[in-house]
Amino acid sequence: MDLADSSPSLGRALETLRAKTQKAPEIALVLGSGLGAFADTFVDAQSIPYTQIPGMPGSTVPGHAGRLVFGRIGARRVVAMQGRVHLYEGHDASAAVFGVRLMRLLGAHTFVVSNAAGGIRAGMRAGDLMLIDDHLNLTGHNCLRGPNDPLLGPRFPDMSEVYARELREHAQGCAQRLGVTLTHGVYAGMLGPSYETPAEIRMLRTLGADAVGMSTVLETIAARHMQARCLGISCITNLAAGMSQSALSHDEVQDVARAVADELSRLLHAVITELPE
Ligand code: HPA
């Protein structure tokens, strides 16, 4: 059995991409709200809009461009989703991870996933960067629900180290050398699109969450299912609901994400160029 039989929509998308590009990425990135500009720094870049990839859902969210960008950072071959697809847009869980699966099938074995998130832990400030140690999938969904395709991965994949320890240590080392402050903690993935209530934030804090957002958890579950290793970085764009006087807005989230995008880009550049094989 091959992919064309077991997962025909992925098989078709892969065939289409292979006809459009010879590039064979090692490292895949998912760039979150306001963080897409990093892909503009790729050398020998080639962009493919999601609309040209059959089966690939488009992003409808402002701040998410909606294209795959192939290229190089230093000597490393990379591909990025410039704009992700969220559950709250109405996509089902497997559609939300279609791009992640495609990048894995193209050969990427290391995933770097970024997002905008609200800070829950006391002492966090807008503009902080947080390495994701682990996550709580509170979306109520799982991209692995339904028949399992054994060509992608096992029925019951282990999730005891979704965010690879060696990559976290590597990222902390890069941050230290660059003088970038990088905290770390647990990311809670919610369905959205409404921001949380103050009571929900108190609940999430009790559950052990340090930051909260509306993405990432399904993407990293899909990547781990396919035996890729993951690094996750949250850009803390705001204090979570009830922790400050101001109401939350997507404009503010994007503004703060853009303001720290340069620092995140410096960190990502080092993490990728210095990545151990
Ligand atoms: N909650 C959920 N998602 C978010 C937030 C938040 O406070 N900030 C950025 N994305």
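Predicted model: local features only at pLDDT ≥ 70, side-chain atom pairs only at ≥ 80, totals over all residues.
**Ground rules.** I number residues from 1 along each chain as its sequence is written. Local features need pLDDT of at least 70, side-chain atom pairs count only at pLDDT 80 or more, totals for chains, interfaces and linings use all residues, and side-chain values use heavy atoms, without hydrogens and water.

**Entry 1: the ligand.** The residues around the ligand include Y195, E196, M214 and T237. A polar side-chain atom of N238 sits 2.7 Å from a ligand nitrogen. For G118, a backbone N or O atom is 3.3 Å from a ligand nitrogen. A polar backbone atom of A116 also lies 3.3 Å from a nitrogen of the ligand. Alone, the ligand exposes 260 Å² (Shrake-Rupley method, 1.4 Å probe). The protein buries 96% of that.

**Entry 2: H91.** I found H91 in the loop between strand 4 (76-82) and helix 3 (93-96). Helices (H or I, at least four residues) and strands (E, at least two) are DSSP runs, numbered from the N terminus. A polar side-chain atom of H91 is 3.4 Å from the backbone oxygen of G58. Leaving aside neighbours within four places in sequence, H91 is in contact (heavy atoms within 4.5 Å) with P57, G58, V85 and H86.

**Entry 3: M203.** I placed M203 in helix 6 (residues 198-207).

Terms used
Near = heavy atom within 4 Å. Polar contact = N/O pair within 3.5 Å; in protein donor to acceptor, adjacent residues only side chain to side chain.
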